[in-house]
Amino acid sequence: MRKRLMNISKRCMVAIMSAAFIMSSVTVSMAFPVGVYAEELPDNPLGTTKDKINIGDTMEYNYGTVNENNGTIDNNIGIVTLNRSTIDVNEGRVGENWFRLKTNEGSVDNNGAILGTNYGTIGVNDSEANVGINYGTVSHNQGEIGSNFDGTVTNEGEGHILNQYYSVTLSNTSNMTAEYGTGFTEQTVDKAGNKKQFIQVKEDGQERGDDASGLITISPKENYKITGHDTEEVTQSSDSTFYYELREDGGKYYLTIINPTKALTIDPTTLGLVISRIQNKENVSIANVIFEDLVYTYDSTNDGDQSEPSGNVTPVIMNTTERMFAGKNTYLHNGVYEMYYRSQSNLTWKEFDLLCSTDSNIPKNCYFTIGGRLYVLHIPAIDTGSETYKSCLDELKKRPNGLEGPAKIAEIFNSLGVTCIDLTANQPEAKETRIASTDNRSAVNPFGANTMDQIVTQATAANELEIRIEISSLPATGGEVSVPDLAQTGLSKNVVDAIIEKNAPIMLIYTTGGIKYQMEIPAGFNLMTLSNENGGIDFATLRDEFDSRIVVQS
């Protein structure tokens with residue numbers, strides 16, 4: 001009899017057991033009250049083995065080992081070797097499930113019957129078994145999975161999934177909101193309650209194709225805007241894992257994701273969408289426009305002063321290899337790109353080639369702070385297709401790691417008019433060595449300065465701009481700002497205005513009289529009460545008002 005029983009299929013076994021359970025329950029209930037025979041068992045502690053739980057008996061928690069369950073276990077934290085009846089929640093391990101496991105958050109070696117929802121792992125889901133909903137892993141699926149939400153499933157034999165869903169998540173959305181609409185299904189994907197949005201790509205065993213789509217409405221948060229381009233037709237993603245359509249209406253973008261082939265995490269910038277802060281045209285000056293991963297150019301047809309934003313702003317979107325150009329604090333001023341490299345002290349040949357070839361008809365001024373001194377690398381409009389340019393670029397490629405500092409780059413590309421100026425210098429005799437001559441003509445300062453006094457004035461202005469950019473870039477909680485050594489008397493009106501506008505605590509580090517000081521200016525302090533007739537504040541006045549301490553004395 002035992003041998004014949006082993007040849008009976010598990011499905012038949014389940015049916016026989018179910019019938020036996022019902023019949024025995026009816027027989028018992030006819031003769032005696034059920035409560036006489038059904039027993040509420042105490043929890044099975046860790047390290048303890050219970051051989052069997054009988055039909056009708058219940059156990060709330062199993063922390064140890066149960067060899068055979070014929071009753072009900074509410075929560076299995078330990079091990080159940082064979083389940084012939086019901087387990088509500090498994091957080092431990094079940095060897096063989098031959099009847100009903102409602103929720104699996106742990107592991108099941110072999111599922112031979114019904115498993116409701118799987119968040120954990122299943123070794124084998126055999127040919128006569130069913131998993132209702134799967135979020136986890138099924139290593140060998142020989143049976144049926146009702147709905148699979150991003151789960152990892154390996155089908156074998158006649159193993160199949162009836163309904164397949166893939167999640168779609170937008171990343172880098174701190175300055176935008178994403179509303180998931182038509183075509184999306186929201187599911188709780190773990191016991192912690194985390195939710196995701198899904199698109200159904202297979203329904204009742206049939207692929208849905210282009211009908212598998214979902215609409216996401218992307219909106220900018222307050223004081224931000226989104227720029228991009230509508231797709232003229234359905235477009236395939238760069239990694240070929242989905243198709244999409246994109247259209248703009250009223251400042252919002254409507255993104256339709258079509259037929260994904262896996263779970264997706266999409267950065268909107270990969271679809272050509274760029275989020276940027278809206279600048280207040282009435283209050284902003286070109287000196288403190290801060291850019292976020294894109295280059296702004298201003299409409300050259302504007303009749304107004306091009307040192308102020310025209311309001312007709314066009315973003316130039318750069319790809320990943322071009323972020324070095326896009327990521328700088330960059331603006332177009334009087335027909336010249338001005339770029340500020342805060343911590344970078346050299347350029348690779350690829351970066352320099354990008355600078356020259358991007359808008360090659362527009363000159364660039366690249367500022368570097370090296371050893372406490374401010375340098376500007378001036379790149380005129382260059383024909384990057386010329387043999388001279390190619391020869392110079394080849395020379396730069398030969399340098400160690402293909403990179404050099406601004407002074408050496410100017411030396412290599414001197415014949416093309418590239419120059420490097422030390423803006424911190426104040427010795428007149430240094431003028432001719434720092435401004436390269438081209439075509440046997442007198443040197444031309446890219447700033448239009450004809451005397452060293454003018455160069456120093458330009459350097460002061462550049463330092464002021466650098467301070468204002470640093471202040472504007474601070475988070476809302478404030479931070480540290482270093483004042484370049486060239487500004488040794490105090491803060492200009494523009495810098496004072498930038499501090500007031502920021503309205504955040506600022507730790508100011510400055511040098512005067514050969515002594516480096518540190519002082520904190522609290523948020524909300526009315527600095528105008530300390531300003532002179534020009535709107536600036538000298539360092540002595542600041543030290544009288546705020547506590548200062550000496551950092552370094554030279």
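Let's start with I266: leaving aside neighbours within four places in sequence, I266 is in contact with V168, T169, L170, S171, F242, I257 and L271. Contact here means heavy atoms within 4.5 Å. What we have is a predicted model, where local features need pLDDT of at least 70, side-chain atom pairs count only at pLDDT 80 or more, and totals for chains, interfaces and linings use all residues. Residues are numbered from 1 along each chain as its sequence is written, and side-chain values use heavy atoms, with hydrogens and water left out.

So where does I266 belong? I266 is among the residues that touch the most other members of the largest nonpolar core, along with V168, I216, I218, L255 and I257, and that core has 23 residues. A nonpolar core is a set of buried Ala, Val, Leu, Ile, Met, Phe, Trp, Tyr and Cys residues joined through side-chain atoms within 4.5 Å. Buried means under 20% relative accessible area, exposed means over 50%, and partly exposed is in between, with a 1.4 Å probe and protein chains only. Helices (H or I, at least four residues) and strands (E, at least two) are DSSP runs, numbered from the N terminus. As background, nonpolar side chains tend to be buried together in soluble globular proteins.

N259 sits in the loop between β26 and β27, and N259 has a positive phi of about 50° although it is not a glycine. N259 is partly exposed, because its relative accessible area is 24%. D204, in the loop between β20 and β21 (206–207), also has a positive phi of about 50° without being a glycine. With a relative accessible area of 57%, D204 counts as exposed.

Now let me zoom out. The protein has ten helices and 43 strands, and 44% of its 554 residues count as buried. Among contacts with a separation of 6 or more, 43% join residues 24 or more positions apart. The accessible surface comes to about 28,500 Å², and 47% of that belongs to carbon and sulfur atoms; these areas come from the Shrake-Rupley method with a 1.4 Å probe, and for residues only the protein chains shown count as cover.

On to the helices. Which residues of α9 (493–502) are buried? They are V495, V496, A498 and I499. These four cover an arc of only 160° around the axis, so they lie on the same side of α9; the arc is that of the directions from the helix axis to the C-beta atoms. Just after α9, N503 takes a positive phi of about 50°.

Next, charges. The whole structure holds twelve salt bridges, each being a side-chain nitrogen of Lys or Arg within 4 Å of a carboxyl oxygen of Asp or Glu. One of them joins R84 and E68 at 3.2 Å, N to O. This pair links distant parts of the chain, with R84 in the loop between β6 and β7 (86–90) and E68 in strand β4 (65–69), 16 residues apart. Another pairs K397 with D394 at 3.9 Å, N to O. Those two both lie in helix α5 (387–397), three residues apart, about one turn of the helix. K397 is partly exposed at 38% relative accessible area, and D394 is partly exposed at 38% as well. E395 and R399 also meet in a salt bridge, at 3.3 Å, N to O. There is a network too, linking E91, E105 and K191.

Last stop, the surface. L46, Y63 and I77 form a nonpolar patch with about 310 Å² of accessible area together. Patches are made of residues with over 30% relative accessible area and no salt bridge, with like charges joined within 9 Å and nonpolar side chains (Val, Leu, Ile, Met, Phe, Trp, Tyr) within 5 Å. I77 lies in the loop between β5 (72–76) and β6 (79–83), and I77 is partly exposed, with a relative accessible area of 33%.
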